[in-house]
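Me: I would like to learn how to read a protein model feature by feature. Could you take me through one?
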Amino acid sequence: MLDPSGPTRTRMRAAGRATTLAVATAALVTGAGLPVLATANAEPAAAKRIGSAPVAPKGAVKTAAPADGTELDLSITLQPKDQTALTTFVNAVSTPGSPLYKHYLGTGEFGKRFGADLNTVASVRAALTAAGLEPGEVEADGLTIPVKATVAEAKKAFSTDFAGYRLTDGSSAIANTQAPAFRGDLAPRIASITGLSNTVKAAPRSVMKSAPKAANTPAPTGMSARNINVHPQLCSYWRDVATYWGDSEGSQYYTPPSLANAYDMDNMADGASGATVAILALENYSTSAVNNWQSCNGTKSAVSNIRVVGQNGTPPNGSNEGWETALDIEMVAGLAPGSNILVYQGTTDEAGVLATYRQIVSDNRAPVVSVSWGRCDLAGSDAALNLVLKQAAAQGQSVVAASGDSGSTGCYYGDPSDPYAKTMSTDNPASLPYATGVGGTSHTGLSKFPAQSVWNSYGGATGGGVSKYWKLDDAVNPAGSIEGPGYSAAVCGASAGQHCRQVPDVAALADPGTGYFVLGGYNAKGQALYSISGGTSAAAPLWAAIIATANASKECAANGPVGFLNPALYKLAGNSAVFTDVTSGSNALAAAGYYGGNYSAGYGYDLTTGLGSPKGRGIIQALCQQLPSQPAGTYTSVQPKRLLDTGAPGVASRTATSLQVAGAAGSGVPSGVTSVVLNVTVANTNGPGYLTAWPTGKTMPLSSNLNWMQGSVAVPNLVTVPVGTDGKVSLFNGSWTGSARMVVDLMGYYTPDNAGATFKPLAPTRLFDTRYTGDANVAQAPLGGKQKIDVKVAGGVSAKGAPLGVPETGVTAVVLNTTVTGGQGNGWMAVYPTDPAFVAKSSNLNWTNGQTVPNLVVVPVGADGKVTFYNGMDGAVNVLADVFGYFTSDASGSKFHVAGPKRMVDTRTGKGAAAPGKIGDGNVLRLDLNDNGVLSGATSVVLNITVTNTQWGGYLNAWPGGTARPASSNLNWTAGSQTIANSVIVPVNNGTVDIATNSPADVIVDLMGYYSAN
């Protein structure tokens, strides 16, 4: 999430593996207090081996050992400082119902929060140097140390020999013959050492139905992109070419619109507009072939190539190179035509694959990552890559990976003589716990949700089974709690409370017999070629397109990307509105001499198609976690009453406290209320932060109610928050740096009946201003310390003497935006119904010396229609108050509906705005509520508006859209970088609200609810 408590985070982009992080800054001293490890000068501990030696791949021929001077680029991956805390955090931000659900880390935050402690980094680097190696600085993830070495240096440093090989593709490779050894006291803090071997290669998980076919006539010119209001249509030219070769849609291949129909993605007009998908591509590809496909289909997906260290960008060599990447791009562009596609091009060796993943995750530009490359899991565990995927999950990135095309063993590639061919194995990276493995199905026809079976044809079958290496803790990972038919805990040695990782998680069409129409290259004559391709590498980008569409949908846009999918998906197991359950077929390959395992489909989860294939709209709605609608409510105002004061030190950093507000003895709030109106104040803070209030038992929203800066004394804001079914609300301290004292005062509550008052909005009108000469209600003089002002509101007049519009009878409470400025010292103010006997015990505003502070106040009126403003401190202060509406005891006003909290605008990212950037004088930001369904009938909305990244003093206005900008303000701030929030109730005109500032500032708008006539 982008916290409104500070500036937009700067994206840190890795430049290969040489990018470093300055770890010696004060902000990163998170390892303080940890025991200092032994340095390289101390007595060395006995060496320990890390991991295992690589196994020579099938068909490899041993050759001469590499020369001692051969240069190596190595990566030392360290263990996180607190693996348990990392696992707990990832589970929390990924699990619906968790208070931290979708509160992801921003770019560059992972290393600060979960990187190795500084003592470990320093000790490992010192030990590497002492061993004769050249370690670089730790990278941005806080875990990776790049190392330059020769073979001779690596032999000595890691106590291993090296062997040379000639692989089946004719290339030369080397491998360490023993697992690397390292100093015994440091070895447990190292997850893996990568780069000693390059024999293990990742391969595409796709299967062509037949050799690519050439167009029989030249392609016409003039094919141009069209609007993306529907899924793209294959142009008539290439349909004719396919027909010439005997291929027809629905029986031999699918195009985007027929796939969209099959998976209930049709007529989704926005086409995932604005979403970004990263494609891991370990090859070069023909950009002209992809452009040909986009031109034919009428799409304009922006495709950008990002070359990772080692990839030189050489054009395809005329073989089958590039077809996998073309398939991936065209699948995403076809089903998510409005998306941006980032193609990360790396190399297929272990170090190149890891570097490509790291750059995708370090860049953090794409919330969805599609992976169609894999390797045999028996080649060894992959602790470094698992940590990269864990970082992706912490950042809210969804990684979907092909589960393999070799049935129940990810190591069989058509050679029954291969000793691995009869060995059960899953496929990497689909088998890693923080990837979503995608299996394959078969189906034909052009109907919605066609009958499906397990894909097992054309020499391949969907990968699936039980991982030998990876175990899941049942308590923190629901992906392990469901056992598929044929599951055995003995495969990985899982103990009580654990399960072996099972693959796949989900599935989609992978049968090349009715596969995907792909334009991927050219023959020697320069003729364009098409193929019909399948494999689980086609199913993975299909899922990526669905998740990108979810992220771009209105349902998800307010709450952030869906992130790591598995916790949410497994909560939906057996939901027929979300999945098509595949119940027939197996993934035992029917190849001569091959006797792999026979995992079969069944009802519910199984080891061939996982939870099933997607029903697009059902998936999107379920993953986006829309809040259920609540009945309209009327308002009951109360004398301000203190419900909570946590005292010092208060609520700890990044934790929440629950407050019983309804049904509790002495609270005055009955059971059954829908929402409460609270004045919440935060004090005694140690650093910048934010507070979020939400109904206990619900997912914590991606919005904030108040914000504070470094050194803030006390910050208040009015909060309208729904109440949980248990009568509680939760309050979260979003500061990373310390605890915060929370003070909560009750102002009123909403009930789902007609017993309370209804709301009537008014055009903002100045009630009084102590700075104004000739004010009809007060004298021109600051309000002195321990002094009060009684002002008539019901039946009263404005500062200029004109009628306010608030009637004298029937008024139960008024809505005032109250501002203090120019205070002499720190202070507080209480606003309450005029009553000589009343003693203020709660505050509505708090300020520091010279600060300008606004706060919305909903306050009952006294028997004489007056409201009292009391300055509780010794110094004087100027006070301004504007009337925004009132509550009436009759039914002529509007009722309140809960509709949030939901983020509507964030100018830092461009959300809800034309483009990212501050707004300033002369720029009006229009909030269109007609796009939000039920809000189209709103008469007024309740917003929480935050300004941040300010420089000069200024103010913000919010007013009915398309009308004249009022003179009264909603927020005010003084010079300097500030973050200030205020609650706003503003009338709606033609479904719109306008917002403007008089000096540059970023603006964040969170919707809290709305009023309507019914």
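Me: How many helices and strands does the protein have?
Reply: Keep in mind that this is a predicted model. The protein has 14 helices and 55 strands.

Me: What percentage of the residues of the protein count as buried?
Reply: The chain has 1014 residues, and 60% of them count as buried. The accessible surface is about 34,800 Å². Carbon and sulfur atoms hold 52% of that surface.

Me: And the contacts: what percentage join residues at least 24 apart?
Reply: Take contacts in the protein between residues at least 6 apart in sequence. Of these, 81% join residues at least 24 apart.

Me: Now sheets. In what order do the four strands of the open sheet with β40 and β45 lie?
Reply: Read the order across the sheet: β40-β47-β42-β45, with antiparallel pairing. The edge strands are β40 (758-769) and β45 (853-860), and each pairs on one side only. Neighbouring strands here are turned by 20° against each other on average, direction ignored.

Me: How many bridges join β42 to β47?
Reply: Ten bridges join β42, residues 811-821, to β47, residues 878-888. T818 has A881 in β47 as its bridge partner. L816 stands opposite V883 in β47. Toward β45, β42 has eight bridges, again antiparallel. There N817 stands opposite L856. β42 is mostly covered, with ten of its eleven residues buried.

Me: Why is strand β39 described as largely enclosed?
Reply: Count its buried residues. Ten of the eleven residues of β39 (residues 741-751) are buried, so the rest of the structure largely encloses it. Its pairings can be read the same way. Strand β32, residues 634-645, joins β39 through eight antiparallel bridges. In that pairing, L644 has V744 of β39 as its bridge partner. Strand β34, residues 675-683, joins β39 through nine bridges, also antiparallel. N679 stands opposite D745 in β39.

Me: Let me try a single residue. Is N733 buried or exposed?
Reply: N733 is buried, with a relative accessible area of 0%. This residue lies in strand β38, residues 728-733. Its C-alpha atom is separated by 6.1 Å from that of A656, 77 residues apart along the chain. Apart from neighbours within four places in sequence, the contacts of N733 include V651, A652, S653, R654, T655, Y690 and W708.

Me: Last, aromatic rings. How many aromatic pairs does a search of the whole structure find?
Reply: A ring pair is described by the distance of the centres and the angle of the planes. The search finds 22 aromatic pairs. Y244 and W245 have ring centres 5.3 Å apart and planes at 85°, so this pair is edge-to-face. Y244 is exposed, at 52% relative accessible area. W245 is partly exposed, at 39%.

Me: What kind of pair do the rings of Y253 and F517 form?
Reply: Their centres are 5.4 Å apart and their planes at 55°, so the pair is tilted. The pair links distant parts of the chain: Y253 sits in strand β13 and F517 in strand β28, 264 residues apart. Y253 is buried, with a relative accessible area of 2%. F517 counts as buried too, at 6%.

Me: Which residues do ring pairs link into a cluster?
Reply: The cluster is made of Y635, Y750, F759, F887, F896 and Y1011.

Terms used: Residues numbered from 1 in each chain as written. Predicted model: local features only at pLDDT ≥ 70, side-chain atom pairs only at ≥ 80, totals over all residues. Heavy atoms only, no water. Helix = DSSP H or I, 4+ residues; strand = E, 2+ residues; numbered from the N terminus. Buried < 20%, exposed > 50% of the residue type's maximum accessible area, 1.4 Å probe, protein only. Contact = heavy atoms within 4.5 Å. Areas by Shrake-Rupley, 256 points an atom, 1.4 Å probe, with all protein chains shown as cover. Pairing = 2+ DSSP bridges. Axes fitted to C-alpha atoms, helices over the stretch in contact; angles between N-to-C directions. Phe/Tyr/Trp six-rings, centres within 6.5 Å; stacked < 30°, edge-to-face > 60°.
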